[in-house]
Amino acid sequence: FNNKPTTKMLMRTLARISRPASRPFVACYATRVSEVMTTGATLISPETSLQEAASKMKSVDTGFLPIGKNDKLVGTITDRDIVIRAVAEGKDPKTTKVQEAMSNDLIYCFEDQDLEEVKKTMGEKQIRRMPVMNREKRIVGVLSLGDLAGNTSVDSAVDKISKDSGSASQTGGKKHP
């Protein structure tokens, strides 16, 4: 008997406990990203220190922040990016800038995009969180596995994303050498 929880079990639990009261559980058949995404994403500057970014993550209770410059999305950073690309390399989080650890590969979706299409992209690219843009390319939210957990056929998306999570960053960006 194995007591180790599976990724599916963890995602279902996360969906039950992490959904804010302002966003009730969505009954299984959402079709657009806007129906399940988390709104209110905050952009931080590439010039922000890693310590400030980590503090921001703590204050908004997330492990993911979109990076913006001149009101445009230029990258993303995760708590894992900070640890692997900076702290583990001996860089000082107080002086190291976000741009030194962020993922530059911009993989995003649109708020009016079909949810199944986005799930497929997340599975193929093995990303857990994706910035959501409006058609004017302004960030309007973030779509995460937790957002998808209450929706149909999420098990296949979770399986694809989780099967080889060690080979890509949490944001789907390239690993830094």
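Just after helix α2, Asp-61 takes a positive phi of about 55 degrees. The model is predicted: local features need pLDDT of at least 70, side-chain atom pairs count only at pLDDT 80 or more, and totals for chains, interfaces and linings use all residues. Residues are numbered from 1 along each chain as its sequence is written, and side-chain values use heavy atoms, with hydrogens and water left out.

**Overall fold**

- The protein chain has six helices and six strands. Helices (H or I, at least four residues) and strands (E, at least two) are DSSP runs, numbered from the N terminus.
- Along the sequence, the pattern is α-β-α-β-β-α-β-α-β-β-α-α.
- Of the 177 residues in the protein chain, 42% are buried. Buried means under 20% relative accessible area, exposed means over 50%, and partly exposed lies in between (1.4 Å probe, protein chains only).
- Take the contacts between residues at least 6 apart in sequence: 64% of them join residues at least 24 apart. Contact means heavy atoms within 4.5 Å.

**Helix α2**

- Helix α2 covers residues 50-60, and its buried residues are Leu-50, Ala-53 and Met-57.
- Viewed down the axis of α2, these buried residues fall within an arc of 60 degrees, so they line one face of the helix. The arc is that of the directions from the helix axis to the C-beta atoms.
- An α-helix has 3.6 residues a turn, so residues three or four places apart point the same way.
- Lys-58 and Ser-59 are exposed, on the face of α2 turned away from its buried side.
- The cover over the buried residues of α2 includes β2 (64-69), β3 (72-78) and α3 (79-85).

**Nonpolar cores**

- The largest nonpolar core has 15 residues. Such a core is a set of buried Ala, Val, Leu, Ile, Met, Phe, Trp, Tyr and Cys residues joined through side-chain atoms within 4.5 Å.
- Val-33, Leu-115, Val-118, Met-122, Met-130, Leu-143 and Leu-148 touch the most other members of this core.
- The elements giving two or more residues to this core are α4 (115-125), β5 (129-133) and α5 (145-148). Helix α4 gives the most, with three residues.
- A second, separate core has 12 residues, including Ile-44, Ile-67, Ile-77 and Ala-86.
- Leaving aside neighbours within four places in sequence, Met-130 is in contact with Ile-107, Tyr-108, Cys-109, Val-118, Thr-121, Met-122, Gly-141, Val-142 and Leu-143.

**Helix α4**

- Asp-114 caps the N-terminal end of α4: one of its side-chain oxygens lies 3.2 Å from the backbone nitrogen of Glu-116.
- Leu-115, Val-118, Lys-119, Met-122 and Gly-123 are buried in α4.
- Down the axis of α4, the buried residues fall within an arc of 140 degrees, so they line one face of the helix.
- Just after α4, Gln-126 has a positive phi of about 55 degrees.

**Loop residues**

- Gln-126 sits in the loop between α4 and β5. Gln-126 is buried, because its relative accessible area is 14%.
- Lys-137 is not a glycine, yet has a positive phi of about 60 degrees. Lys-137 lies in the loop between β5 and β6 (139-144).
- At 43% relative accessibility, Lys-137 is partly exposed.
- Ser-103 lies in the loop between α3 and β4 (109-110). Its relative accessible area is 1%, so Ser-103 is buried.
- The side chains of Ser-103 and Arg-85 are joined by a polar contact of 3.1 Å. A polar contact is a pair of N or O atoms within 3.5 Å; within protein, one must be able to donate a hydrogen and the other to accept it, and residues adjacent in sequence count only if both atoms are side-chain atoms.

**Aromatic rings**

- The count is one aromatic pair. Rings of Phe, Tyr and Trp (its six-membered ring) pair if their centres lie within 6.5 Å; planes under 30 degrees apart count as stacked, over 60 as edge-to-face and the rest as tilted.
- Tyr-108 and Phe-110 form this pair, which is edge-to-face, with 5.7 Å centre to centre and 90 degrees between the planes.
- Tyr-108 is partly exposed at 27% relative accessibility, whereas Phe-110 is buried at 16%.
- Arg-135 lies over the face of Phe-110, at 3.8 Å from the ring centre. A charge sits over a ring if NZ of Lys or CZ of Arg is within 6 Å of the ring centre and within 35 degrees of the ring normal.
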